[in-house]
Structures are given as structure tokens and as C-alpha cells.
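My entries are below, in the order I looked things up.

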Amino acid sequence: MSARITVIAAALLGLAGCAVGPDYQRPQGVLPDQFTAPASEAPILADGWWQAFGDAELNALVERALKDSADVRIALARIEQADAVMQQAGAALFPEIDLNGNASRISPSRGTWTSNKLTPRPYNDFKLNGVMVAYELDFWGKFRRAREAAIAQATGSRLYRDTVRLTLAGSVTSGYVSLRSLDTQLASSRASLKTREAAVAIAQHRYEAGKVSALDVQQAESARAALEAQVSVLTQQRELQLHQLGLLVGAPELDVAPRDDLRTLPLPPVPPAGLPADLLDRRPDVRQAEQSLISYNAQIGVAKAALFPSISLTGLFGGESSDLSNLFKSSSSLWSASAVVNLPVFDAGYRLGKLDQATAVQKEALEQYRKTAQTAYREVLDALVSLRQTSITEQAREAQMKAAANAERISRARYEAGSAAFLELLDAQRSSNDAQIAFIQAREARLNASVAFFKALGGGWGNPSNAVAQR
């Protein structure tokens, strides 16, 4: 008997070992082998890429955002939901075992009472269904495919959290850079305002001395008022930027002290040339798209398994007695065992429709994965171009700023010596102020290009095999 049971069990396990539906294979040829855009050699960054900007206050803001942001807490709740679904899917692979019992007092109709006269009327009925077992054999891998899909979804929910964290860190860093840029623009504009005020005093003095007309004074006043308006606009923009930054870090009352030189933020290193395209495995959104593809691929197996017969086993062992004291005696024991086979015969194409639907959804997920990966690749190429071009722009703006400052000094000397019109000095001052603001904005653009590149690579350019191993 034991040998026969062993053979049957082995046969069942062998049948249970197969799972219908396609096994997942990563799509080939989605991306080129490497990024062809040139770049300079640089150290390899690890996680915490925002620390490359060398600003302790920025580091604290990013860490606070990653801890307190509502978006991160929402992502954590999604992980809990996906884990619960995965637990449910895994439980279907095992038998369900229940324990239950009941006690009844029954008074049958006198007209139908056929029991022997030794049994009292009414009578008691005590029943203990000690062990009830229900199990559907997973011949075709329906439950294993469902669990495979649930695991992929749970992994995807964690990658969604990583995407949120990456996006949030990038937004905080970019917002902080913009805040520092506005600080620097304000400092520059206030310095220019003092120059305009000095120009007003000079024009007023020369007018009172009869050397110039009132036109010079009015032009100087107009230029000074324009700078006052510029300072006011920049102050407003800084306050709004601070509010936005406070929202990102989960602190509406956030206060960041002004710092008047954006150049105190060092430029992060640029990546080495010829980055391999598999660095996109670090991108959590690309990996999340692949996990969705894995999940929908497994759902095809679930739908296909529904086309085949299902076998369910049930068993019961317990006891029943009219006397509670006899319930556990061998004479009161009862048991049952059954096997139910369900063979689909006709459903008007319902199950085939479910299979076609699962196949179509998998095709959509495949194209979505391709699109996400290729979009990520384009973002990296765009970021590389921005890194290079913003560097060139900043150098040009710096040269422009220095030349405009020299021109302003020469114009002031010429005007004070009486050899140049006041309009020439005002034009030189205006050009110098505009060049300073343009240079600060170019520096901001270059720093934000670095932020965009870090985000495009998923946070840096370390060894991509580490990211792959985490899948």
C-alpha cells in the first residue's frame, strides 16, 4: 500500500511540475550597446548622488524629504498592498485546513420519527469535524503562474517607491539650486541697485553744478527704479520657490537662509565616455515596466490553465455522537474523502476570450517596456548634450560678464571726466547687470543639467550589475 501511495504521489508531483504559458524572456535589441555621446573621465558615484554637490544643507533637505514626503508614504502603502496580494497568491499553492464543530438539540416530527425507542426524543447531536482539508492540484501551474505574477507586481511596487524617491530627490535638488540662484541674482541686483543710486547722486550733483541737463537726472532715476522692480520680482520668486521646496520636503514652514553665491555649489563630476546602455537597469521606472511585463506574461499561463481540467481533493476526519462523553471514542469517529474533476466543455468562448485578453495585455506591456526603456535612453543622451552645452554657455556668459563689467568702469570714468554722455553710462550699467544675471542663470542651468543627468541614469553610474542583482 505504501509503495502504491508513493508512486501516486510522485506522479502527482510530476504533473504539478509543468506550468502552461510562456516563460519570461527579456526582449532583445531594445537599446544600443552603449551611449555614444562623448564625455570626460570622472570618478564613479554611488547612491546618494545629491551629495556630489557638496552642500550639507541640501543633503539634509533631501533626507528630510525622503523621510517625510507624502508621496513616499503613499508608495510604501502600495508596497504593503502588493505584499498582501503576493501572500494570497502563495497561499493557493497549499491545502486549506479547517477545524470546526457543532452541538445541536433536535426534536424531529412524531410522524416521521423512525429511530428505535432507545433514542430519546428530542435528542442531542455533537459533531467535531476535527480536520477538514481542501486542495486543488496545481497540474497546469495556474497557482504558480498567479504567484509569479504577484511577485512581479510586488517587486514593481518597490521599484515605484524607488522612482518616487529618485524623482523627489531630483526635484528637491533642482529646487534648492534654483533657490540659490535666486539668492545670487538678488545679491547681484542689489549691488547693481547701489551703483544706480550712486549714478543718480552723480547726475544730481552735475545737474546742480550746471554741467548737465535734468534729462540725466530723470534717466538715472528711471534706471534706479527699474532695478528696484527687478529686486522686488526676484524677492517674490524666491519666496515662491521656498514655498515649493517646503512642500517637497513636507515642511510648509521651511526657512532657508539666503546664500549669495551660487558658485559655492561645486559642479559634480561628469561621467566616463562610452557608458554601457545596461546602466538603464539602474532606472527604477524601466525595471518597474519590466516587472509589469513579467506579471502580465505570467497571467497568460493563468488564463491558459483555465482551459484544462481541474482536480480538487477534499477530506474530513472527526466524530459524531448524541452524547458528548462518547464524542472522542473510536465508535463515534467518521471520515470522508472525495475527488472532484471539473472539465470545461462549453462556455461559448469565454475562457478563450480571457486568454486572448491576457495575451493582448502582455503585448501592450511589452511595447510599454520598450517605450519606457527607449525614453530613458533618450533622456540620458539629452542630458549628456545639456551637460556639454551648458558648460560652453557658462564659459561664454562669464566672459560676457567680465567684459561688460570692464565696459561699465570705462563708461563711468568717461562720464565723470565729461567725455561721454550719461546715456552711455546707463547703457553700460544695464548691460553689466544683464550679463551678471545671464551668467548666474547659466550656472544654474549647468547645475540642473547635472541633476537631470543623475535622474536619467537612475542616480549615478556605478556598476549596473548591482542593480540587476536586486531584481
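**Entry 1: layout.** I am working with a predicted model. I looked up the secondary structure and found nine helices and four strands. Along the sequence, I read the order as α-α-α-β-β-α-α-α-β-β-α-α-α. I then checked burial: 38% of the 471 residues are buried. The protein exposes about 25,400 Å², and carbon and sulfur atoms supply 56% of that area. For contacts with a separation of 6 or more, I noted that 85% join residues 24 or more positions apart.

**Entry 2: helix 4.** I took helix 4, residues 142-208, and checked its span. Its 67 residues reach 97 Å from first C-alpha to last, close to the 99 Å expected at 1.5 Å a residue. After helix 4 comes G210, and I noted its positive phi, near 80°.

**Entry 3: cores.** I looked up the largest nonpolar core, which has 31 residues. W49, F53, V172 and L254 have the most contacts inside this core. I listed the helices that each supply at least two of its residues: helix 2 (56-68), helix 3 (70-91), helix 4, helix 5 (214-248) and helix 8 (422-456). Helix 4 gives the most, with eight residues. I also found a second, separate core of 11 residues, with A203, A220, A223 and Y415 among them. As background, I note that nonpolar side chains tend to be buried together in soluble globular proteins.

**Entry 4: V172.** Which residues does V172 touch, not counting those up to four places away in sequence? I found L58, L61, V62, A65, L245, L248 and V249.

**Entry 5: Q299.** I placed Q299 in helix 6, residues 284-305. Leaving aside neighbours within four places in sequence, I found Q299 in contact with A149 and A358. Q299 and A149 are 150 residues apart in sequence, yet their C-alpha atoms are 6.4 Å apart in space.

**Entry 6: A348.** I found A348 in the loop between strand 4 (333-342) and helix 7 (350-416). A348 is not a glycine, but its phi is positive, about 60°. I flagged this because most residues other than glycine have a negative phi. A348 counts as exposed because its relative accessibility is 64%, and the cut-off for exposed is over 50%.

How values were computed. Residues are numbered from 1 along each chain as its sequence is written. This is a predicted model: local features need pLDDT of at least 70, side-chain atom pairs count only at pLDDT 80 or more; totals for chains, interfaces and linings use all residues. Side-chain values use heavy atoms; hydrogens and water are left out. Contact means heavy atoms within 4.5 Å. The expected span of a helix is 1.5 Å times one less than its number of residues. Buried means under 20% relative accessible area, exposed over 50%, partly exposed in between (1.4 Å probe, protein chains only). A nonpolar core is a set of buried Ala, Val, Leu, Ile, Met, Phe, Trp, Tyr and Cys residues joined through side-chain atoms within 4.5 Å. Accessible areas come from the Shrake-Rupley method with a 1.4 Å probe; for residues, only the protein chains shown count as cover.
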